[in-house]
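The exercises below go through one protein chain, each with a solution worked in steps. Try each task against the sequence and the structure before reading on.

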Amino acid sequence: MSRYDEELAGMYPEEDEDRHAVRMGDSDYEDDDSDQSTSKVAEDTSAKDVKEGVDIQGIPWETMSTTRDRYRQARLKQYANFENIPDSGRISEKECTPVEKGKLYYDFQHNTRSVKPSILHFQLRNLVWATTRHDVYLLSYYSVLHWSSLTCEKQEVIDLQGRVAPCEKHQGNFSEGFYRTQVSTLAVKDNLLVTGGFHGEIICKFLDRKGISYCCKSTHDDNGITNSLEIFERPSGSVHFLASNNDCGVRDFDMENFQICSHFRFSWAVNHTSLSPDGKLALIAGDNPDGLLVDANSGKAVHDLRGHLDYSFASAWNPDGRTFATGNQDKTCRVWDIRNLSKSVAVLGGNIGAIRSIRYTSDGKFMAMAEPADFVHVFDVGSGYCRKQELDFFGEIAGISFSPDTEALFVGVHERAYSSLLQFSRRRFYSYLDSAL
């Protein structure tokens, strides 16, 4: 361990380990708790603090033997990106689209240290979800928490430390429940919260009801970790979600009847699935450099997506329904146009690692992509992805989420000494005020 790493002990690269290994065990969690004080006043950072020269994460660089710039340069050189296909990141750099940096679309608002996001699988980073500009749900150790940025209060929504069992009776409900569930992925939309586990466990909770509504095993395969979840609404108004698993399956759960209504199988593990805004197409990303666009009703392939050089773990549709993006361990995010799928229309490169999470704002004006650590890139979609803001901090990224009204962007940071929830607010430009001056 270098001197820099000793001073910021939790800032580590992705580990070169088996893709199904649990990245952080119980002892690491205990170390995290012991490293972090509970003094909210001393630890939180406001926009006012940053204007006065305080680091957004509250890191006291002035007391350290290195500077922030020197530590950043060391991280850029030392961070080891995990690849399933050797040299995929280095080779893909040659294709990256030139992008103008330094733009400012979201202003720093607040850093909350009393909330400590967690990561249980180093490749799965969809563990932070905003349902409004003030309401955020995230995984924190063996708890799913709700955080209110309005009241600055957190509340436990699901305690996963002990036994979790449903309190409602539905066909197929696993009445015995699950014990000490390790959550690999999470999704929250409107009033539905769904967690996915390392052994195919599915736990569903409606936020306007008491208790857990539904528990089941999506698969009994030994290699059945739940890689991603996507909640959506059918044209009929019924609520569904898609579960993507390592057993090469994608399952459509109907939450009106509490049952699986369709199950599609593929030839490789499915790491992420995104449904098009009209619900007709599904974007399948997984343990294959080529992605797939499939018919959402039949599961039949419509078109393959060729260009990435490694496995993909992220995807998202632009609300316009014409373009979508895929994130890959080759350190790139590719943007595709449904009208011409022969090649991607943009190749957006990261700084240090795989693109593990992608989100569009609901108005389609911005797209954010998160690397495994330290960087979130916010692109101006209207510029053809040629302009971006770069959010620069230190720590592993548990997830990113725009609020549905686009006014807030939240970033969950897992770091042994500086875990926190970063909040940014959309910058508005009122040109009519300038003309009036």
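In the hairpin of β17 and β18, with five residues between the strands, G279 has a positive phi near 75°. Helices (H or I, at least four residues) and strands (E, at least two) are DSSP runs, numbered from the N terminus.

The model is a predicted one, in which local features need pLDDT of at least 70 and side-chain atom pairs count only at pLDDT 80 or more, while totals for chains, interfaces and linings use all residues. Residues are numbered from 1 along each chain as its sequence is written, and side-chain values use heavy atoms, with hydrogens and water left out.

**Exercise 1. The strands around β18**

State which strands pair with β18 and in what sense, and describe how its residues are covered.

Solution. 
- Step 1. Take pairing to require at least two DSSP bridges between two strands. Strand β17 (residues 270-275) is joined to β18 by five bridges and runs antiparallel to it. H272 is the residue opposite A285.
- Step 2. Count a residue as buried under 20% relative accessible area, exposed over 50% and partly exposed in between (1.4 Å probe, protein chains only). Six of the six residues of β18 (residues 281-286) are buried, so the strand is largely enclosed by the rest of the structure.
- Step 3. Sort the side chains by direction. In a regular strand they alternate between the two faces of the sheet. From β18, L281, L283 and A285 point one way, A282, I284 and G286 point the other way, and all are buried.

**Exercise 2. The strands around β5**

Describe the burial of β5 and the two hairpins that it takes part in.

Solution. 
- Step 1. Strand β5 (residues 143-148) has six of its six residues buried. S143, L145 and W147 point one way, and V144, H146 and S148 the other.
- Step 2. Six bridges connect β5 with strand β4 (residues 135-140) in an antiparallel arrangement, with W147 as the bridge partner of V136. Two residues lie between the strands of this hairpin, where Y141 has a positive phi near 60°.
- Step 3. Strand β6 (residues 153-159) pairs with β5 over six bridges, again in the antiparallel sense. S148 has E153 as its bridge partner. This hairpin has four residues between its strands, and C152 in the turn shows a positive phi of about 55°.

**Exercise 3. A buried glutamate**

What surrounds E201, and how far away is the nearest side chain of opposite charge?

Solution. 
- Step 1. Locate E201 in strand β11 (residues 201-206).
- Step 2. Lys and Arg count as positive and Asp and Glu as negative, with His and the chain ends not counted. A salt bridge needs a side-chain nitrogen of Lys or Arg within 4 Å of a carboxyl oxygen of Asp or Glu. E201 is buried and has no salt bridge, the nearest side chain of opposite charge being K217 at 5.8 Å.
- Step 3. A polar atom of the E201 side chain does lie 2.8 Å from the backbone nitrogen of H199.
- Step 4. With contact taken as heavy atoms within 4.5 Å, and neighbours within four places in sequence left aside, E201 touches F178, T181, T195, G196, C216, K217 and T226.

Technical notes: A polar contact is a pair of N or O atoms within 3.5 Å; within protein, one must be able to donate a hydrogen and the other to accept it, and residues adjacent in sequence count only if both atoms are side-chain atoms.
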